[in-house]
Amino acid sequence: MTDEKFFAWLDGELSAAEAAEVAAEVAADSELAAKAEHHRAFAARLKEAFDPVMAEATPAPPISTVIDFSAARQRRRGWLPARAQWAALAATLVLGLLTTSLFLERGTLTTPHGDQPVMAGGALGAALDTQLASTPAAGSAIRIGLTFRAKQGAMCRSFTQPGSSGLACHEQGGWRVRGLFATDGAPDGSSDYRMAAGPDPRLATLIDETIAGDPVDARAEVEARTRRWR
């Protein structure tokens, strides 16, 4: 049983014959059965907690090219009232987690247990530790966007990868994912800092709510990496 086949079965991506075969194999393996139950329970808890928010009608914010980060921040703050902004963020975050929760354990994120936060691992954790927004890594599917200090003091970095974009902050000795949004395309190939927040206005809004001051420049980013993002 490969991880790819197991998660494809959980996602409902297999044919009827293949699904029946995997279901029988899972039923005969207590470890696989427990793993499947854990993922289903996690998705159900998220859905139950945020169904009321996702049911609310939320106007979509306008999407425009970001020319200046500070000016764009002020414009985005006027898109929605505070309650609607929270609803949009909560709904899109949960939707992203629900649609990618099974994918994430395949080496990108660590699925939370109980009250534990979602932490970046695998290729994403390595990219957040080492990659520079000013010098994208050749051949990497993960792109780092903005690097900045959060209001609470932690260093944070935005990122894009195939299927999702998000924001992670360096906490508890690793990268805690503050927000994750499902996308339908690959990361933007541009290395321009002004586009580093990505084309997704949901991510841009989350950054606005988290950032203290302005993003760090290329030199400060190198220094932050040397300090291991403290």
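Residues are numbered from 1 along each chain as its sequence is written, and side-chain values use heavy atoms, with hydrogens and water left out. Because the model is predicted, local features need pLDDT of at least 70 and side-chain atom pairs count only at pLDDT 80 or more, while totals for chains, interfaces and linings use all residues.

Helices (H or I, at least four residues) and strands (E, at least two) are DSSP runs, numbered from the N terminus, and two strands pair if DSSP finds at least two bridges between them. Strand β5 (residues 164–171) runs antiparallel to β6, and 8 bridges join them. Within this pairing, His170 stands opposite Trp175. The two strands form a hairpin with 2 residues between them, and Gln172 in the turn has a positive phi of about 55°.

The structure has 1 disulfide, a term for a pair of cysteine sulfur atoms within 2.5 Å. It joins Cys156 to Cys169, with an S to S distance of 1.9 Å. The pair links distant parts of the chain, 13 residues apart, with Cys156 in strand β4 (residues 155–161) and Cys169 in strand β5. The link is right-handed, with 105° about the S-S bond. Cys156 counts as buried because its relative accessibility is 0%, and Cys169 is likewise buried at 0%. Buried means under 20% relative accessible area, exposed over 50%, and partly exposed in between (1.4 Å probe, protein chains only).

Salt bridges supply further contacts. A salt bridge is a side-chain nitrogen of Lys or Arg within 4 Å of a carboxyl oxygen of Asp or Glu, and the structure holds 5 of them. One of these joins the side chains of Glu221 and Arg157 at 2.6 Å, N to O. Glu221 lies in helix α8 (residues 218–226) and Arg157 in strand β4, so the pair ties together parts that are 64 residues apart in sequence. Glu221 is buried at 0% relative accessibility, as is Arg157 at 0%.

Another salt bridge joins Glu171 and Arg178 at 2.6 Å, N to O. Glu171 is buried, at 15% relative accessible area, whereas Arg178 is partly exposed, at 26%. Glu171, Arg176 and Arg178 are linked in a network of salt bridges.
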